[in-house]
Amino acid sequence: MSSVDGPELAERLSRIEGAFVLSINDRPEIRDLFGAFVIEEVRLNYSVSKSGATAARELIIANREVRMGLV
C-alpha cells in the first residue's frame, strides 16, 4: 500500500461516489485541507498511557451529514 499525503487524500475523497467517514486529529491544517467536506468536532479522552487520560479533539469528516451520538 502506498503512502498518501493530505492534499492527495482530500482530492481522492472528493471523487468518491459513495459515502465516507474519516476520523483524524483536530489540527488547523486538517481543517484547511478538508474544509470542503462536512466536519464535526468530537472531544474525547485518550486513555492508552499509564499516566492517565489526556483530553483531545478529533474531527469526523464526511461527504454527507453525519448523525452524531451514534459512537
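Predicted model: local features only at pLDDT ≥ 70, side-chain atom pairs only at ≥ 80, totals over all residues.
Residues are numbered from 1 along each chain as its sequence is written. Local features need pLDDT of at least 70, side-chain atom pairs count only at pLDDT 80 or more, and totals for chains, interfaces and linings use all residues, while side-chain values use heavy atoms, without hydrogens and water.

The largest nonpolar core holds nine residues: A10, L13, F20, L22, I30, F34, F37, L59 and I61. Such a core is a set of buried Ala, Val, Leu, Ile, Met, Phe, Trp, Tyr and Cys residues joined through side-chain atoms within 4.5 Å. Buried means under 20% relative accessible area, exposed over 50%, and partly exposed in between (1.4 Å probe, protein chains only). At least two core residues come from each of α1 (6-14) and β3. Helices (H or I, at least four residues) and strands (E, at least two) are DSSP runs, numbered from the N terminus. Among the residues that F34 touches are L9 and I39; contact means heavy atoms within 4.5 Å.

E58 lies in strand β3, which spans residues 54-62. The side chain of E58 makes a polar contact of 2.9 Å with that of S23. It also reaches the backbone nitrogen of I24 at 3.2 Å. A polar contact is a pair of N or O atoms within 3.5 Å; within protein, one must be able to donate a hydrogen and the other to accept it, and residues adjacent in sequence count only if both atoms are side-chain atoms.

R64 is found in the segment after β3. R64 is partly exposed, because its relative accessible area is 41%. Its side chain reaches the backbone oxygen of G18 at 3.3 Å. R64 also touches E17, A19 and V38, among others.

Conventions:
Lists of a residue's contacts leave out its neighbours within four places in sequence.
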